[in-house]
Amino acid sequence: MKVGDETSMVPDFPSGLITMYERIPTEKSARVKYPGIGYYTMFDHEILLVSDPDVIDEVLDTNVEHYLWGGIRPASVAFFGPKVLFVLEGSEWQELRRVMRPPLMRSNVHALSDTVSNVARKCAERVRNNFAREKGRLMNVLEMAQLYHLTAAANSMMHYDLKAIDQLGQRDAWAPKPQAEKGSSASWTQSFDYLLTELARRCFDPDPRVAEDYVTMGPGRDDNRRWKSAHDTVHGEILPLIRSRLKLRQEGASREGVPNDMLAKLLDAYSKESGAESDFSAEDFDKVLGANVVELLFAGYNTVVNVITAGTYLFATNPSELAKLRKELDTVLKGRVPTWDDMKNLKFTRWSFFETLRIAPPAPAIARKITNPVEANGFTIPEDAEVMLPLCAVRGVVRA
């Protein structure tokens, strides 16, 4: 059963997915042969949309590959670059994933938790000083999460103090944002915000001039000029940091003189994978590494930020659950900054995090290409089929 096309997801991708998901029949009938499975067309290409949780399990348990849907490739290349994890497919994706995976393993993230916790404490102090003590003053929680993420991520990933959190409380919650100066943390938030607002419009527009052309700068292409400006703002800040760190490595700087952050671990992983430290001087390697760092920053801006915002809203609107959270934090932490080791004792906190992910998943969908046929509800999903799993729509399924 056809449930939509690419125009169904302009300009709001999650809402479009939910609408199409709700059109998929769940019961077998004379008209419906395969319940729980529908399809939509994207640029004359059929994409399977799966609504049945058991079928989703089957798909995710099968050998699958990363694939790019809609106009996401030209958009990603235009903002991040052609050699980032989200853009690549096949063997190139596998190779870069081997490089990027070790720094993101739990053991390495564990080492960064103190930095993240200290930024969280600074964020809490600014909330108390600028909002909690001023009766009636409103706070934009989404903006708070954005500023917190950029500060924590830049600090832990690159040992770079972006000082974004210092903006919190400087203006009223819904006041128009002033034009940011180049290189400021405000310019980063405006650049990422522009990318987020433009992605759905440009990725799903059937007009190739909108979905694929990010180069033309003539009359009527203000969107391309703004896109390039957003790109240059962030990459122009990251590239000097990457080059400075590469220079330290090439000069043989001692470990004491090099921050032990995620960027250092990325360089270690690349060295191990390539087998030669000299590979760091390869042409444009600094731009490739910088582009992947920008992608990681944006990935958090589009996921971590949404989880923090959704979680804050859910606790604010469920005061009894908020009281349970506060009691657990007071009992376990006794006023100190949490560490990674505290998580095993913060059971309600962890459960609350998982429930937030269920209610408001930060990634609205997972896209997969099937590498082995999948049998589901009497239907065979063939090899090479492209499947969209709408996480934002699947609800109410609990398994042990």
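Is lysine 122 buried, partly exposed or exposed? At 33% relative accessibility, lysine 122 counts as partly exposed. The legends below describe close-up views of a predicted model.

**View 1. The protein chain as a whole.**
The protein chain has 15 helices and eight strands. It is made of 400 residues, and 43% of them count as buried. Its accessible surface comes to about 21,200 Å², with 53% belonging to carbon and sulfur atoms. Among contacts between residues at least 6 apart in sequence, 66% join residues at least 24 apart.

**View 2. A salt bridge between aspartate 166 and lysine 122.**
The structure holds 14 salt bridges. In one of them the side chains of aspartate 166 and lysine 122 meet, at 3.0 Å from N to O. Lysine 122 belongs to helix α6 (residues 113–132) and aspartate 166 to the loop between α7 and α8 (185–203), so the pair ties together parts that are 44 residues apart in sequence. Aspartate 166 is partly exposed, with a relative accessible area of 23%. Lysine 122 is also partly exposed, at 33%. Side chains of opposite charge can pair when their charged atoms come close.

**View 3**
Arginine 201 and glutamate 198 form a salt bridge through their side chains, 2.8 Å from N to O. Both residues lie in helix α8, three residues apart, which is about one turn of the helix. Glutamate 198 is buried, with a relative accessible area of 9%, whereas arginine 201 is partly exposed, with 26%. Arginine 221 forms a salt bridge with aspartate 213, and the closest N and O atoms of that pair are 3.5 Å apart. Arginine 221 counts as buried because its relative accessibility is 12%, and the cut-off for buried is under 20%. Through shared partners, salt bridges join Glu198, Arg201, Arg202, Asp213, Arg221 and Asp223 into one network. Leaving aside neighbours within four places in sequence, glutamate 198 is in contact with Asp223 and Trp227.

**View 3. The largest nonpolar core.**
This core has 76 residues, and Leu17, Tyr40, Trp69, Ile238, Val293, Leu297 and Met388 touch the most other members. Helix α7 (residues 141–158) gives the largest share of the core, 10 residues. Not counting residues up to four places away in sequence, isoleucine 238 touches Met158, Trp188, Gly290, Val293, Val294 and Leu297. A second, separate core has 17 residues, including Ile56, Ala385, Val387 and Val394. In soluble globular proteins, nonpolar side chains tend to be buried together.

**View 4. Helix α12.**
Helix α12 covers residues 285–301, 17 residues in total. From its first C-alpha to its last, the helix reaches 24 Å, close to the 24 Å expected at 1.5 Å a residue. Helix α12 is mostly covered, with 13 of its 17 residues buried.

Trp351, Phe353 and Phe354 make a nonpolar surface patch of about 360 Å². Tryptophan 351 lies in helix α15 (residues 347–359). With a relative accessible area of 52%, tryptophan 351 is exposed, because the cut-off for exposed is over 50%. Lysine 347 lies in helix α15 as well. At 46% relative accessibility, lysine 347 counts as partly exposed. Lysine 347 and leucine 325 are 22 residues apart in sequence, and their C-alpha atoms are 9.7 Å apart in space.

How values were computed. Residues numbered from 1 in each chain as written. Predicted model: local features only at pLDDT ≥ 70, side-chain atom pairs only at ≥ 80, totals over all residues. Heavy atoms only, no water. Helix = DSSP H or I, 4+ residues; strand = E, 2+ residues; numbered from the N terminus. Expected span 1.5 Å × (residues − 1). Buried < 20%, exposed > 50% of the residue type's maximum accessible area, 1.4 Å probe, protein only. Patch = residues over 30% accessible without salt bridge, like charges linked within 9 Å, V, L, I, M, F, W, Y side chains within 5 Å. Areas by Shrake-Rupley, 256 points an atom, 1.4 Å probe, with all protein chains shown as cover. Salt bridge = Lys/Arg side-chain N within 4 Å of Asp/Glu carboxyl O. Contact = heavy atoms within 4.5 Å. Core = buried A, V, L, I, M, F, W, Y, C linked by side-chain atoms within 4.5 Å.
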